[in-house]
Amino acid sequence: MTGLIKNEIIKTGKSGFIRVALCFILMICILLPVGSYAIRSIEAERVPNDYDSMIADEPSQVGKKYYGTEKEAEKFFADNKIDEYGDWRYDEYYTTLQSLSMHKAVLELKKQGIDEKAVENFFMYEELNAEMTFDEKTATAMSTEDNYKSVFELEDDEVEAKLKEADKMIEQCKNFILTADVKDFYKNKLANRQIDYNTAKTAVTNAEKALSTSPENEKKKYELDMAKAQLDAMELSLWGAKYVFDNNVEYGSWQYKTVVDIINCIADSYTSYVIMPKSEFSKGGEKLAFKSYEDYAEHMEKSKKAVDDTIAITKYSLENNVPLPEEMDDSARLNFIDDVNSVMCLVCILMVAIAGTTMFNEYSSGSIRLLLIRPKSRGKILMSKLLTVVFYGIVSAVAVIAILMALDGTLHSDKDFTVPYLLMKGGKIIEIPTLLFVAEKTAVKLFSSFVIVACVFLISALFNKGGIFAIAAGSGAMCLTYPVMMICAELNINFKGLLTYTVLPYLDLSKYMGNSVANFAYDNFSMINEVFGGESARLQFNPYLGAVIAAFHIALFLGIAFYGFKKKQIKN
Amino acid sequence: MILGLLKIDEGQISICGCDVKNDFENAIANVGGIIENPEMYKNLTGKENLMQYARMYKNITKERIDEVVKIVGLEGRINDKISKYSLGMRQRLGIAQAILHKPKLLVLDEPTNGLDPDGIKQLREIFFNITRKEKSAVLVSSHMLAELDLMCDRIGIIDRGRLVDIKTMNEIRTVSDEEMNEYEAELEGAEEFLKANNIAFEIRDNGRFAFSCKKSEIPAFVKSAVENGVSIYALVPKQKTLEEAYMETTSHNVKGGVGV
């Protein structure tokens, strides 16, 4: 058997097609870290905006005003020697100051008699106000009441009053920027969070009262759930602000970013994560997405658990001083995990290619006849080919991990390989060495991809001309099935019932591994992330059941391949 | 079927006492084979290909590989990739892989397919050498009857999937005493003698006389011809060809195959 395996390894290694594939994987292995390093270097040398040219080139009066407000804001910070990047005053208040100035500019344009359409055509004015953070309470009021439409409904005397109010706010903002220290900023945040929390608490009380009048009303139950979720969100947000304030966290540190990027992002979208994905629940009084309240409640519980696990991991990170890789400036660990994950897809395709070509080449060249007239059973010959696929998969995976570890470890500034990865297992948070986590994830990825590999191997072993078709179909299935599954699952949750017991959602079980932090962080919760980020899969499918289903399919495909090959007639 | 490539529908094939169906590994360990053109791994060299097959047997040394390379006369090109080999060279490499493990039986299926006359002659010589040096029995399956005629000692004729006859080449070529046979003779002054004795004859393009008679009549014919002043330079009996034997055995059926 050893001789047979050695033969197959040599034959595969000498195959031009496989050599090209190996070189391609090696090239991607090098390009991924080097490319991201190069992109970061380019980003660091970004040229500041030339506002004078932008204003000169801008044809509309509104546009000129807009760029003028940006220029003014930049000038204010420059005049006061406030560094552009990494200074909390610039980061947190540039947009606020510029938005307030633009608000004032729109009022002035109204006073000059400019057409409302001209403003509307340039941009949605309300979007400007949406980012105000200086005085959130006032900013929120402005964004809801004083949007650009309402500005154009104002009488002249009201415009004058609003202009004075805007001047006052701009002055307050500038004054705050120049006089406050970061502790004041934290305090300001904490106060605003406290107000939001109190508001949410009142909303829950009101929803409870509404439900008590008609306890069986499903829409009111839903509204209470929503209010409670909002309260949970505000409580989380308050926790984050309190953590930052109490610990006087350094601005821009990983702790600060963890609160902003994860805690605040989850808080801001908490209701969306937990309830809103299927807001159609009450749309038009029809239950579009759920059969019943219980059905909806079950989904909500799963969503809530996923979010709560992420919150728990994030809090653990902050309280135990274990930075999440997502929050490091340039984490070698995060890049390593992501790069390995990306390149492993190619390794899986390599295994598919080897599985498809190993028998196809024998049939197409006719060498199968000389191979089978040896004192070795067909079972042993096929097994040696299968083990060669495994061999190349494992060796390539180990090489990929080693190369990426070396390159990512060298090229990224945060050498955080020694920091453990945080995982939720059995309701407990555990710390696991990064390399071990990557190795486990890779092993699971290779295992689950073996469903396709076994299927391709089966086609290749039994059909003389099936190899190339099998490779194409297998690679396509590997690349497309998972996103297609997620899109299907997203578009119609009832698909779940059909898909759960098929192998399709489990062709890459590694997507179910690791914590969900990246899926919830960075305000990233978009449709794309929802579909491709893995959260849908995590919520809807059971990876343990998936492992059993995958193992069953692998055994089935290989069983048919071995039986069929043993019985196959080899004709001239 | 003998090599295990096709399913054995009925009957039994035994090689050195081992049943091909039930004891394949032991049975096939005694067999080497070439099936039509020996297709091997084109991206490997000749030697690497031989190494591939050597690893599937026990105790095949590097010296043995060098030995078979020498037998088939590929010493100068054995380290070239076989994609650069001519058909004849690949055929010789095919023989090398077949005899690598000193098989007791060598099975060759259409071994001269696609070879030029020079290649066919070389191949034939190699086979003769192998049977002498390696003491292997060689089973050739082919439709090239003229080639088999030159190559084989014993012939088995298969008609519609059934083995209908087995004969040695001597048996095919030998004519019985009382059987009419054609003779070709180089004679001088024989025309009148033949006419006088009522022997039907024709004169071939090479000037020889062709006539038919029984083998038992030849001594009397020679004596009488000489006494009548005919000079006899050659008298050659026409031998039966394999094709004729095949056609007789299969009742002019064009389908079928010949081996041995």
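**Figure 1. The second largest cavity in the predicted model.** About 60 Å³ of space lies in the second largest cavity. The structure is a predicted model. Two cavities of 30 Å³ or more are present in the structure.

**Figure 2. Lining of the second largest cavity.** A:Ile337, A:Val340, A:Asn341 and A:Met344 are among the lining residues. The lining also includes A:Val438, A:Lys441, A:Thr442, A:Lys445 and A:Ser510. In chain A, helix 16 (332-365) and helix 19 (434-462) each contribute at least two residues to this lining. Sorted by class, four lining residues are nonpolar, three are polar and two are charged.

**Figure 3. Contact between chain A and chain B.** Chain A brings 29 residues to the contact, and chain B brings 29 residues. Between the two chains, about 2600 Å² is buried. Carbon and sulfur atoms give 55% of that area. A:Ile373, A:Arg374 and A:Pro375 account for 26% of the area that chain A buries against chain B, more than any other three residues.

Figure 4. Two salt bridges link chain A and chain B. One pairs A:Lys380 with B:Glu25, with 3.5 Å between the closest N and O atoms.

**Figure 5. The side of chain A that touches chain B.** Helix 1 (2-14), helix 16, helix 17 (367-372) and helix 18 (378-411) of chain A each supply at least two residues to this side. Helix 1 of chain A gives the most, with seven residues. By class, this side of chain A has eleven charged, ten polar and eight nonpolar residues.

Conventions: Residues are numbered from 1 along each chain as its sequence is written. Chains are lettered from A and ligands numbered from 1 in the order in which they are written. This is a predicted model: local features need pLDDT of at least 70, side-chain atom pairs count only at pLDDT 80 or more; totals for chains, interfaces and linings use all residues. Side-chain values use heavy atoms; hydrogens and water are left out. On a 1 Å grid over the protein atoms alone, a cavity is a set of points where a 1.4 Å probe fits but cannot get out, and a pocket is an open set with protein on both sides within 12 Å along at least five of seven lines; lining residues have an atom within 4 Å of a point. Grid points are joined across faces, edges and corners, and a volume is the space filled by probe spheres set on the points. Helices (H or I, at least four residues) and strands (E, at least two) are DSSP runs, numbered from the N terminus. Ala, Val, Leu, Ile, Met, Phe, Trp, Tyr, Cys and Pro count as nonpolar, Asp, Glu, Lys and Arg as charged, and the others, Gly among them, as polar. Contact means heavy atoms within 4.5 Å. Buried area is the accessible area (1.4 Å probe) that two parts lose on being put together, summed over both. A salt bridge is a side-chain nitrogen of Lys or Arg within 4 Å of a carboxyl oxygen of Asp or Glu.
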